[in-house]
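We will take it stop by stop.

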Amino acid sequence: MKLYKKKYWETGELVTIGVFAALIKISTILVAVAGGGMNPITLVLKNVIATSLLIILIHKVKKFGVLTLFTIITSIVSFLLLGNNMAFFPGAIFFSFVCDAIIHYFGKGEKTFVIILVVGIFDFSSRFVSLCYSWFLFKETIELFIVGATIVAVGYLGCLIGLITGSIFAKELKHAGIIKA
Amino acid sequence: MIKFKNVTYRYPFQEENAVNSISMHIKKGETVLCTGASGCGKSTLINLINGLAPHYFKGEIEGDVFVNGINNRDRKIYEISKDVGTLFQDPEHQFFTLNVKDELAFGLECKGVDEKIIEEAISKVEKDFFLTPIINSYIFHLSEGEKQKVALASIFLQKPSILILDEPSANLDIKSAKELAEKLAALKESGMTIFIVDHRLYWLKDIVDRVFILKEGNICEEGDFSIVEKKQKEYGLRSSFVCHSNKEEIVFKSFLKEGVDIENMSFFHKGDKTIFSSFNASIPSKKVVAIVGENGAGKTTFARILTGLNKLQDGKIYLKGESIKPKDLLKKSSLVLQNTDYQLHMKTVEEELEVCHKKEKEYTTTLLDFFGLKKFAKRHPQSLSAGQKQRVVIAAAIAKEPEILILDEPTSGLDGVNMDIVAKAIKNATSQGVSVFIITHDLELIEKCSTHILKIEKPNCTKSS
Amino acid sequence: MNLKEGKNFVEALDIRTKMIISILASLTVIIIQELAPLLILLSISFLYLFCYRKFKLIFFSYAFLFFMFLLAVFCVWILLKMVPDMASRGILIFFKPFLRVAILMNTTLVLVASARVSDLLSVLKSLKIPFFLFLPATVMIRFIPSFINDTKQVVESLKMKGHNINPISITFKPVLTTRLLFIPLVVKSLRTADDLSVASELKGFGYYKNITSINKNKFAYPDYLILFVTFSFIVLSLLMNFKLL
């Protein structure tokens, strides 16, 4: 049996990313089902939860590449399980990689302000990529695209709120000793 | 086989040592029990043997731990795990796949073992551990005992010479604990060295060669199993034997019209077998009723019916002589789940109780005082110990002022001291006018606080109804 | 043809074939602008879905798509009231986007409906992805059913405390609802992650170069055939779109 000499990712970190990817998927679906898909509050709330969880994940796994890895595995599993489109896969990976680079360059995940900013950019870029694809789908009727974009914008409002709630929850979990300070 | 040479260990960010100057020697084929109150350092000993401390948890270590003659400092965790297999309290948390056969194969697949060898190894372990009826089952459909067996078989496939078990009986019913004891006895017979850490002790009497009692990170007592009984009170241990309860059994004679009366209750899950059929019972008020029976007998379903979470297919439930609908039962009952993590939501213990009632703040203060939680009022509930968390969820359930309170395995994983505190809290609840039901396999708890027993047996009715 | 017992032609295809078809469809539809090739792709993708023989699923999916179409038309009708110039462009331009969505739906439905959570793990192994992707993806699949169960327990525990999670509570008490749902789920998942990390360390995952699998997935004759057909139709539709045919 040949052994790897050195591992970049600890298995614990990989497991945490997988667990959070599952939790984000399930909790957003649950809120959408419980609150009604067309309810704007639901739209906001599910994004609040998803963004908050992402912030906690970054506080927990402070390593370059966490957002990229999260994006890749979420895309693969969502594609297989929910039929999510793989066409925005390359774009999403590119932007998540850029976000990882920013986090790493400015404080290596230790600075809360940088985490908030980067997750805000990450959420925006992932929506931007999916809207780009939608534009190709609906290019003949830009009006339909605008309707979709408005819904996405309402959702992004939830992401912005999630940036604050996520940081508050992360602080609370550190205070409770559940995340290491 | 396992040798500790003056080992002191401290976890990162902690001021005190988890264990102090531990020296011990466990011989090949020996079965050793390690017990003591919560936080005494038992689990740290496990982490030191399997290498998690310090390789995974980091921290500071002095002294040396030798496994099969090799110092753990010189080996990585996965190398140590070739010699040492570890079974945790909740085996489901060790499973990586969704089906039994996949789970058994997964560990070997990740090591790149040839497919044919894996298939042969699984076939063997399937026979040895009697897994054939469940080999293709979904892991969520297994009973706790079956999960233990699968986890044990999965460890066995890695061919370790040492087996360590961390609170293996915490989620097991009496029958499953007995089966586990038999399996361990067989493994011991085959020459395996076994190291067990547990609070519940009665099931280990016939298999343990030696016992260590720990207190504040030090080995305070060492001897054969009889020391457990002698030192029980001194170290806050659980009882070393179980007495067969002489509590009054709930026997249906006639409706009492003062507590909970159940008339011709029938219930089955869609497309599944019947769980209750024409079930009658009459349960007096302000008493503590222990609901007992094997896993899968319908105890949890009974609790869900009694709290209004499940609707009856037929029959009626009466509270104080009046027929009551499920949605009204929901308002008049409280259910405390086994896992406290699901039930703690707020930032402080005080807020946790406040969201459960609409009364003045004094009511919260009274409850905190009543359950001995006053000094933790401003603490984050998730930062409390297991026993303290259990008290918070019971207090929160009582804050709603229910007429029925149901607790699902409230003492799983608790030491003797914390079990006494929970038992006292349960008794106190009845003094608030609540009818309490405890679903439990814990015979010590039943002995300590229940007034009646309701036996639920497979397939569908109480023993005495 | 080597069909597995009780499985139809489409069901028996290797999951990788279904994935390739879905990816190709999602890329092709954004290139094609002409109606005729879109209609050809719609027909062939519908035939692919029809061969899956889950007629109830097909019916409800198309009913849902039709409902979404009506909803979109309603939104556009409101826009038309504000921008009357749009009406001059004709109804066809509203139709093409939905042809694209229908093509995507046809291909992804076959993939999603035939992929069970329990089978996905062997699919992941067969994809031969690196361990640092394999492990978190496996854990994600493993914990989706667990978290559904955990969420149910949290919601029931809240119900017992008198807090119902429904559109009313979400709309009028969003902050409290978020906290009540969020904290127990996060704490549970962090603890789960810790437990599983310890288990994976003890089992030595990630230290070995190769991953083997006892559930073998292999490409068979039908997989090659259907991939050939897919490529042919994509090339045909592209040629038609760019007026090269």
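Start with chains A and C. In this predicted model, 59 residues of chain A are in contact with 61 residues of chain C. Select the chain A side. Which elements give two or more residues to it? They are α1 (11-35), α2 (40-60), α3 (66-82), α5 (112-137) and α6 (142-175) of chain A. Now highlight α1(A). This helix gives the most to the side facing chain C, with 18 residues. Next, colour that side of chain A by residue type. You will find 40 nonpolar, 14 polar and five charged residues.

Second stop: chains A and B. Here six residues of chain A are in contact with six residues of chain B. Colour the chain A side by type again. It divides into three nonpolar, two polar and one charged.

Select Thr212(C). Where is it found? Look in the loop between α8 (174-203) and α9 (221-241) of chain C. Is Thr212(C) buried, partly exposed or exposed? A residue is buried if 20 or more other C-beta atoms lie within 10 Å of its own, and exposed if 12 or fewer do. Thr212(C) has 19 such neighbours, so this residue counts as partly exposed.

Keep Thr212(C) selected and show chain B. Leaving aside residues up to four places away in sequence, Thr212(C) touches Glu109(B), Gly112(B), Val113(B), Asp114(B) and Glu115(B).

Thr212(C) and Gly162(C) are 50 residues apart along the chain. Draw a line between their C-alpha atoms. These atoms are separated by 50 Å.

Terms used:
Residues numbered from 1 in each chain as written. Chains lettered and ligands numbered in written order. Predicted model: local features only at pLDDT ≥ 70, side-chain atom pairs only at ≥ 80, totals over all residues. Contact = placed C-beta atoms within 7 Å. Nonpolar A, V, L, I, M, F, W, Y, C, P; charged D, E, K, R; others polar. Helix = DSSP H or I, 4+ residues; strand = E, 2+ residues; numbered from the N terminus.
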